Amino acid sequence: MIMIISTSTPGYSDVLIGLQYGDEGKAKIVDTLAPNYDIVARFNGGINAGHTVVTDRGTLALRQVPSAVSYPECSLYIGSGCAVSAKPLLDEIDTIEKAGFKIGERLKISPRATLVMPHHIVLDRLHGEEVGTTGNGIGPAYSDRAFRIKDGQICNVQLKMLLENPEEVVRLALFHLDRVEDCSAELRDYGEKLVEELKASIEPLGNYI
């Protein structure tokens, strides 16, 4: 996971880059530096990125929300290069706020970020063991980001579509789920549950886009 910290000095920012493909403690470094900055932003990656931050109110296990949640003056951004998992992100925000850290208007998500769709997760669960994944749909989401269109339909859904045409997002979710081959009845039922979770997440997630 790669993160950017933007400074309060106009026109300047600092970039923290990891070269070992994760598990390097970047988030801990960001959290340590954050009090000196106005903005902390993630510019790529998805829910696979786990970062643990220890605060005076306890330990926070963050997966999509950028570090620096414990500093109320610091704005948090999820950039256009990220793949966003809707319900897990809302659950994470809820956990953070229950721990006593206010997110409110501090968190902003780029309208051009990719939405992880139900069929991405189903595909990951179906084939992920072949390459060793977490089953969260991140690889298939980035694959569809490159394809953009499959079977004549949009497969890279950007978050702005949740605001512009939420009904179309649900239609596309069902369309692509129907086209997953070799899907067991159990996995299909799971995919339909994910579609329902996506429906319920559209309105609350829209507040952050």
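Where is Glu-73 found? I located Glu-73 in the loop between β5 (58-62) and β6 (75-78), and I note at the outset that the model I am reading is a predicted one. I then looked up its separation from Gly-18, which is 55 residues apart from Glu-73 along the chain, and found 26 Å between the two C-alpha atoms.

Next entry, the chain as a whole. I counted 7 helices and 11 strands in the protein chain. Its radius of gyration is 17 Å, close to the 17 Å that the globule rule gives for 209 residues, so I noted the chain as being as compact as a globular protein of that length. The C-alpha trace spans about 50 × 35 × 35 Å along its principal axes, and buried residues account for 46% of the 209 residues.

Next entry, the surface. I found a nonpolar patch of about 400 Å², made by Val-15, Ile-17, Leu-19 and Phe-43.

Last entry, the rings. I searched for aromatic pairs and recorded 0 in the structure. I did find a charge over a ring, however: the charged end of Arg-179 sits over the ring of Phe-175, at 3.6 Å from the ring centre.

Note on methods. Residues are numbered from 1 along each chain as its sequence is written. This is a predicted model: local features need pLDDT of at least 70, side-chain atom pairs count only at pLDDT 80 or more; totals for chains, interfaces and linings use all residues. Side-chain values use heavy atoms; hydrogens and water are left out. Patches are made of residues with over 30% relative accessible area and no salt bridge: like charges are joined within 9 Å, nonpolar side chains (Val, Leu, Ile, Met, Phe, Trp, Tyr) within 5 Å. Accessible areas come from the Shrake-Rupley method with a 1.4 Å probe; for residues, only the protein chains shown count as cover. A salt bridge is a side-chain nitrogen of Lys or Arg within 4 Å of a carboxyl oxygen of Asp or Glu. Rings of Phe, Tyr and Trp (its six-membered ring) pair if their centres lie within 6.5 Å; planes under 30 degrees apart count as stacked, over 60 as edge-to-face and the rest as tilted. A charge sits over a ring if NZ of Lys or CZ of Arg is within 6 Å of the ring centre and within 35 degrees of the ring normal. Helices (H or I, at least four residues) and strands (E, at least two) are DSSP runs, numbered from the N terminus. The radius of gyration is taken over C-alpha atoms; the globule rule is 2.2 Å times the number of residues to the power 0.38. Buried means under 20% relative accessible area, exposed over 50%, partly exposed in between (1.4 Å probe, protein chains only).
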